[in-house]
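Here are a few friendly notes to read alongside the model. I have kept them as numbered points so that you can check each one against the coordinates.

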Protein chains: 2
Amino acid sequence: MSRRRVSNPLALAVLSCLSERPMHPYEISTTLRSRGKEHSIKLNYGSLYAVVESLEKHGLISRRETTREGRRPERTVYEVTEAGITEFEDWLAELLSTPVRDFTSLEAGLSLMPGLPPDEVARLLGDRAERLRIELRAIDAAHAVAADMALPDVFLVETSYRRCMLTAEFDFVTSLADGIRSDSLNGTKAWRRLHELRAEGLSFEEIMADAVGYLGEEARILTSPPEQ
Amino acid sequence: MSRRRVSNPLALAVLSCLSERPMHPYEISTTLRSRGKEHSIKLNYGSLYAVVESLEKHGLISRRETTREGRRPERTVYEVTEAGITEFEDWLAELLSTPVRDFTSLEAGLSLMPGLPPDEVARLLGDRAERLRIELRAIDAAHAVAADMALPDVFLVETSYRRCMLTAEFDFVTSLADGIRSDSLNGTKAWRRLHELRAEGLSFEEIMADAVGYLGEEARILTSPPEQ
DNA sequence: GCGCTAATACTCTAGTTCGAGTGCTCGAAT
DNA sequence: ATTCGAGCACTCGAACTAGAGTATTAGCGC
């Protein structure tokens with residue numbers, strides 16, 4: 001675990017809810033959902049109950065009462081403690097002020113990209129761009145609805161952030177796909193050649209045994225020791 | 001589990017390595033590290049061995065031989081299977097072509113942002129901007145080194161992507177902080193007032209009981225049913 | 001008054017992830 | 001000759017996560 005005894009961001013959302021008033025876990029989940037927080041913070045029951053238990057164990061929230069109506073399951077109402085408020089403020093401040101390495105799936109994909117032939121990658125990135133366009137349109141539509149309701153911008157910040165990141169991704173992906181298609185991205189020729197040779201039945205090892213011979217000068221770097 | 005029987009992106013990296021030649025897990029880890037993939041794909045031993053075992057169980061890789069030198073721990077060499085190659089190509093194609101919801105920590109922070117007073121949030125975002133600037137400089141420095149070595153752009157794609165996202169985040173964060181400081185972000189006045197009242201000792205519930213009275217017209221929306 | 005769906009409020013467990021810890025070897029410096 | 005640290009090659013257990021499953025009740029149409 002990291003520095004924080006409870007590290008799941010869902011715990012932060014729980015503390016946030018309980019700062020307003022005492023609630024039981026299920027109520028927390030519906031509150032979060034009704035405010036659309038589930039789009040920014042992963043919420044599922046298993047994690048929610050685990051996180052609540054863990055917060056209680058660490059004294060950040062405490063059990064206020066357990067009630068039951070009829071033969072429904074029990075409801076345990078929790079409230080935030082002093083320590084919980086401090087933790088909430090401190091954690092939130094850290095989230096806002098300190099960038100962390102988030103491993104995104106596209107970054108993983110890009111780093112292994114040479115495993116597929118360049119033209120296929122360009123095509124796939126084109127598909128992604130199309131899908132990103134659709135997502136962006138959905139966000140714009142949601143914002144239009146919000147504007148009609150005169151919902152203040154403060155409540156749309158997460159979505160605006162998403163929009164901004166999605167746009168940046170769209171631009172990157174589009175220009176990368178172009179760069180690959182036009183061979184203007186350095187190294188694309190060797191990459192293309194590599195896959196042509198593999199399609200002809202040569203193994204990766206055979207090609208690498210004489211990289212410069214097979215792939216041309218561009219591949220010289222592959223035969224020298226790896227960078228950094 | 002998601003659609004994929006092995007879902008950790010590290011498994012994709014393992015398949016990628018084994019497509020080049022058979023290796024043992026530790027060698028996979030050093031290969032990945034020497035190529036800087038660990039910056040794009042989370043790599044740690046526990047996960048690596050778990051993932052290798054799982055890939056084997058699902059027939060995507062197979063045990064080739066187990067050797068031991070002296071009294072060192074055994075080394076089990078794995079190779080990729082036909083099914084493994086198919087899975088690799090299919091998975092990589094999916095990663096590149098299909099955007100997924102990644103829950104980033106900043107998005108979580110932004111969605112709970114009103115839990116801290118506006119001016120503090122603006123300050124914290126300023127701090128983040130400064131840290132982002134430092135990261136960006138580090139990437140630029142690394143790119144300069146790579147350019148000196150004539151390393152083709154294809155191998156820098158992940159980093160270029162990071163740079164692009166970091167820049168977008170920087171711009172967003174900077175303009176958000178400005179918007180808060182200047183009250184030009186809609187809703188900031190009510191948000192500020194809310195924290196002033198809390199500082200004076202009123203509870204969240206008391207304030208919400210007469211939101212419009214306390215916070216002004218801007219808070220009218222808070223009293224009507226939540227959007228979507 | 002009877003079945004149906006939706007909502008309520010969790011529970012369960014298989015699977016995954018983390019990273020510190022272990023025990024070995026090798027080469028360089030004392 | 002011997003200590004020392006770096007690198008090798010994993011192992012282990014505790015914590016965490018996912019999301020399907022369970023059991024109840026309220027409301028609604030017929």
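1. A word on angles before we start: helix axes are lines fitted to C-alpha atoms over the stretch in contact, and the angle between two of them runs from 0 to 180 degrees between N-to-C directions. Please also keep in mind that this is a predicted model.

2. With that in hand, look at chain B. Helix α1 (residues 9-20) and helix α4 (residues 82-97) of chain B pack with their axes 10 Å apart, at an angle of about 125 degrees. Angles of 65 to 115 degrees count as roughly perpendicular and those over 145 as roughly antiparallel, so α1(B) is oblique to α4(B). The crossing of α1(B) past α4(B) is left-handed.

3. Who makes that contact? From α1(B) come Leu12(B), Leu15(B), Ser16(B) and Ser19(B), while α4(B) brings Gly84(B), Ile85(B), Glu87(B), Phe88(B), Trp91(B) and Leu92(B). Sorted by class, the contact of α1(B) with α4(B) has six nonpolar, three polar and one charged residues.

4. Chain A has its own version of this pair. The axes of α1(A) and α4(A) are 10 Å apart and the packing angle is about 125 degrees, which makes α1(A) oblique to α4(A). Here α1(A) passes α4(A) in a left-handed crossing. Leu12(A), Leu15(A), Ser16(A) and Ser19(A) of α1(A) meet Gly84(A), Ile85(A), Glu87(A), Phe88(A), Trp91(A) and Leu92(A) of α4(A). Six nonpolar, three polar and one charged residues make up the contact of α1(A) with α4(A).

5. Is α1(A) mostly covered or mostly uncovered? Mostly covered: 10 of its 12 residues are buried. The buried residues are Pro9(A), Leu10(A), Ala11(A), Leu12(A), Ala13(A), Val14(A), Leu15(A), Ser16(A), Cys17(A) and Leu18(A). Their cover includes α2 (25-34), α3 (45-57), β1 (61-67), β2 (75-80) and α4 of chain A, together with α5 (105-112) of chain B.

6. That last element takes us to the interface. In the model, 76 residues of chain A are in contact with 76 residues of chain B. On the side of chain A that touches chain B, at least two residues each come from α1 (9-20), α4 (82-97), α5 (105-112), α6 (118-148), α7 (157-181), α8 (188-199) and α9 (204-209) of chain A. By class, that side of chain A has 42 nonpolar, 16 polar and 18 charged residues.

7. Val157(A), Glu158(A), Tyr161(A) and Arg162(A) of α7(A) make the contact with Leu106(B), Glu107(B), Leu110(B) and Ser111(B) of α5(B). By class, this contact has four nonpolar, one polar and three charged residues.

8. Finally, two backbone details in chain B. Ala150(B) is not a glycine, yet its phi is positive, near 60 degrees; Ala150(B) is in the loop between α6 (118-148) and α7 (157-181) of chain B. With 12 C-beta neighbours inside 10 Å, Ala150(B) counts as exposed. Asp183(B), also not a glycine, has a positive phi of about 60 degrees and lies in the loop between α7 and α8 (188-199) of chain B. Asp183(B) has 13 C-beta neighbours inside 10 Å and so counts as partly exposed.

Technical notes: Residues are numbered from 1 along each chain as its sequence is written. Chains are lettered from A and ligands numbered from 1 in the order in which they are written. This is a predicted model: local features need pLDDT of at least 70, side-chain atom pairs count only at pLDDT 80 or more; totals for chains, interfaces and linings use all residues. Two residues are in contact if their C-beta atoms, placed from the backbone, lie within 7 Å. Helices (H or I, at least four residues) and strands (E, at least two) are DSSP runs, numbered from the N terminus. Ala, Val, Leu, Ile, Met, Phe, Trp, Tyr, Cys and Pro count as nonpolar, Asp, Glu, Lys and Arg as charged, and the others, Gly among them, as polar. Angles under 35 degrees count as roughly parallel, over 145 as roughly antiparallel, 65 to 115 as roughly perpendicular and the rest as oblique. A crossing is left-handed if the near helix is turned anticlockwise from the far one by less than a right angle, and right-handed if clockwise. A residue is buried if 20 or more other C-beta atoms lie within 10 Å of its own, exposed if 12 or fewer, and partly exposed in between; C-beta atoms are placed from the backbone.
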